[in-house]
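Subject: Structure handover

Hi,

Here is the structure I promised to pass on to you. Could you open it alongside this email and follow the notes as you read?

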Amino acid sequence: MPPPANDAYAQGQNYSLSSSGDALPNPEPGFLPPPGMRPWTSSSKSLPIAVGQHSGERDTPSSGSSSAVGIAPMINMPSAKVIGASPLAKPPPPTLASLEAYRASIRRSSDPAAQLEFAKYILEHARGMADQEKSGKAAASRYEMLTSEGIKWVKKLAGGGITVHRSNIAAEAQFFLGSVYSQGIYGVVKDDVKAFSYYQQASKAQHAEANYRTAVCYEMGVGTRKDVARALQFYRKAAAQTNVPAMYKLGVILTKGLLGVAATPREGITWLKRGADNATPECPHALHELALCYESNSISEIIPDESYARELFIKAGRLGYVPSQVRLGQAYEYGTLGCAVDPRKSIGWYTRAAEKGDSDAELALSGWYLTGAEPFLPQNDVEAYLWARRAADRGLDKAEYAVGYYYECGIGVAQPDVHEAQAWYARAARKNNRRAISRLRELKQMGIQAAAASRMSRPRRSKEGSLF
């Protein structure tokens with residue numbers, strides 16, 4: 001695996017068909033894998049950057065638990081209170097002693113693929129091995145020595161132009177260096193120009209992910225001048241090599257006519273379908289965007305199909321894509337997308353998204369707890385407040401209004417508190433939340449004492465829209 005692609009131009013822009021106009025949204029936050037992940041190999045997939053067959057009723061998220069799929073069982077209710085290495089070499093455990101033996105074997109080897117794996121192994125485990133030193137000064141020295149050795153190996157291979165087993169080792173080394181310079185890791189100073197140069201060198205050897213990164217650099221003007229024509233050219237090259245993020249990006253660009261190109265929805269949909277067919281947990285975005293296309297009637301080249309859209313959302317949701325999980329939670333809550341209202345499935349999908357910190361899903365779970373969904377989910381005011389509070393603490397204006405409502409009514413809190421309610425309404429109002437603005441106006445007209453004496457009625461669930 002290359003160094004995590006958490007820099008802006010490695011990630012690119014996350015286009016969404018749900019956005020309006022030609023404005024390009026900000027890049028998504030990058031993905032940073034946890035420590036201990038295995039070194040990158042040529043089989044690694046690109047990250048989306050930007051973004052099994054369905055049968056019967058098995059259309060809820062899979063789970064590693066023993067509970068039924070997509071159902072939040074009574075014994076495990078969602079609660080706001082708790083929330084491949086190359087076969088050419090088998091790296092030993094990361095200890096200084098085993099490293100020396102590994103190093104000796106690599107020095108006797110003339111296999112560039114094994115040498116590249118060794119370099120990546122050193123860099124990935126440099127920190128852990130350095131921490132085995134007894135003093136901080138010795139650890140810092142050891143880390144610098146190991147990272148320097150690893151980078152030296154990679155640079156040597158990057159300039160070799162070596163091709164082994166149809167895999168261009170030089171191109172893989174160049175791509176790896178591009179990722180290192182783009183983030184400024186392993187003791188290397190961040191340098192966008194050098195990163196772009198390495199990506200471009202690797203792209204000349206038809207390295208698919210390097211083609212994609214080069215496209216993003218041209219699109220955003222990072223490390224080089226902005227050139228949307230060249231960006232589109234490299235997106236096409238990467239997509240033709242079955243790079244899933246490139247297929248997704250190219251599909252959205254062509255469908256909406258972004259980057260100054262004329263919209264060609266037919267071709268764009270074709271690329272989104274290809275991206276959807278090759279979707280992975282790392283890049284399920286094309287499934288979601290294609291579902292949005294078939295859910296709406298804004299594209300004349302396709303006939304809206306809610307059933308197909310639901311199937312695509314389900315596939316993306318099973319791959320862990322949060323926006324699809326939220327959309328399915330809404331579909332089963334309000335009976336859209338051809339779904340029957342089903343509290344169990346709605347709560348199941350919302351729970352998956354809430355577990356990943358999605359504020360809309362957290363607020364939706366608050367609503368379910370507020371009204372309850374017997375016999376599947378007992379009504380619980382405390383949980384309703386806690387889930388809303390979690391979403392409000394993330395800055396969701398609807399959740400801030402909900403917390404204010406809970407304080408005003410005394411739901412899930414020790415006692416009603418109109419002053420605290422006002423404070424939360426004010427936070428939501430600053431974000432132009434209309435209900436908060438209206439309620440503040442009413443409280444001002446009534447006066448605090450009169451407002452404290454009165455009580456807002458508890459909401460009732462309906463198909464017309466959200467509780468908040």
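A residue is called buried under 20% relative accessible area, exposed over 50% and partly exposed in between, using a 1.4 Å probe and protein chains only. Please keep in mind that this is a predicted model, so local features need a pLDDT of at least 70 and side-chain atom pairs count only at pLDDT 80 or more, while totals for chains, interfaces and linings use all residues. Residues are numbered from 1 along each chain as its sequence is written, and side-chain values use heavy atoms, with hydrogens and water left out.

**Cysteines**

With that cut-off, Cys 217 counts as buried because its relative accessibility is 0%. Cys 409 is also buried, at 15% relative accessibility. A disulfide here is a pair of cysteine sulfur atoms within 2.5 Å, and by this rule the count is zero.

Helices are DSSP runs of H or I with at least four residues, strands are runs of E with at least two, and both are numbered from the N terminus. Cys 217 is one of the buried residues of helix 7, a helix that is mostly covered, with 12 of its 13 residues buried. Among the others on that list are Glu 209, Arg 213, Tyr 218 and Met 220.

Just after the helix, Gly 221 has a positive phi of about 70 degrees.

Taking contact as heavy atoms within 4.5 Å, and leaving aside neighbours within four places in sequence, Ser 203 touches Ala 210, Asn 211, Thr 214, Phe 234 and Lys 237. Ala 210, Asn 211 and Thr 214 are also among the buried residues of helix 7.

Most residues other than glycine have a negative phi, and most peptide bonds are trans. Here are some residues to check against that background.

- Gln 206 has a positive phi near 65 degrees. It sits in the loop between helix 6 and helix 7, and is partly exposed at 44% relative accessibility.
- Thr 242 also has a positive phi, near 65 degrees. It lies in the loop between helix 8 (228-240) and helix 9 (244-256), and is partly exposed with a relative accessible area of 45%.
- Glu 374 and Pro 375 are joined by a cis peptide bond, with omega about 5 degrees. Pro 375 is in the loop between helix 15 and helix 16.

**Helix pairs**

Axes are lines fitted to C-alpha atoms, for helices over the stretch in contact, and angles run from 0 to 180 degrees between N-to-C directions. Angles under 35 degrees count as roughly parallel, over 145 as roughly antiparallel, 65 to 115 as roughly perpendicular and the rest as oblique. A crossing is left-handed if the near helix is turned anticlockwise from the far one by less than a right angle, and right-handed if clockwise.

How do helix 15 and helix 16 pack? Helix 15 (residues 359-371) and helix 16 (residues 381-393) make an angle of about 165 degrees, with axes 8 Å apart. That makes helix 15 roughly antiparallel to helix 16, and the crossing is left-handed. Residues that meet there include Leu 363, Ser 366 and Tyr 369 from helix 15, and Ala 384, Trp 387 and Ala 391 from helix 16.

Helix 2 (residues 96-107) and helix 4 (residues 136-158) have axes that come within 14 Å and cross at roughly 20 degrees. That makes helix 2 roughly parallel to helix 4. Leu 96, Leu 99, Arg 103 and Ile 106 of helix 2 make the contact with Arg 142, Leu 146, Glu 149 and Trp 153 of helix 4. This crossing of helix 2 past helix 4 is left-handed.

**Two prolines in helices**

Pro 323 is in helix 13 (residues 322-334) and counts as partly exposed, at 35% relative accessibility. Its C-alpha atom is 7.8 Å from that of Ala 353, 30 residues away along the chain.

Pro 343 is in helix 14 (residues 343-355). Beyond its neighbours within four places in sequence, Pro 343 is in contact with Trp 368, Ala 373 and Phe 376.

Best wishes
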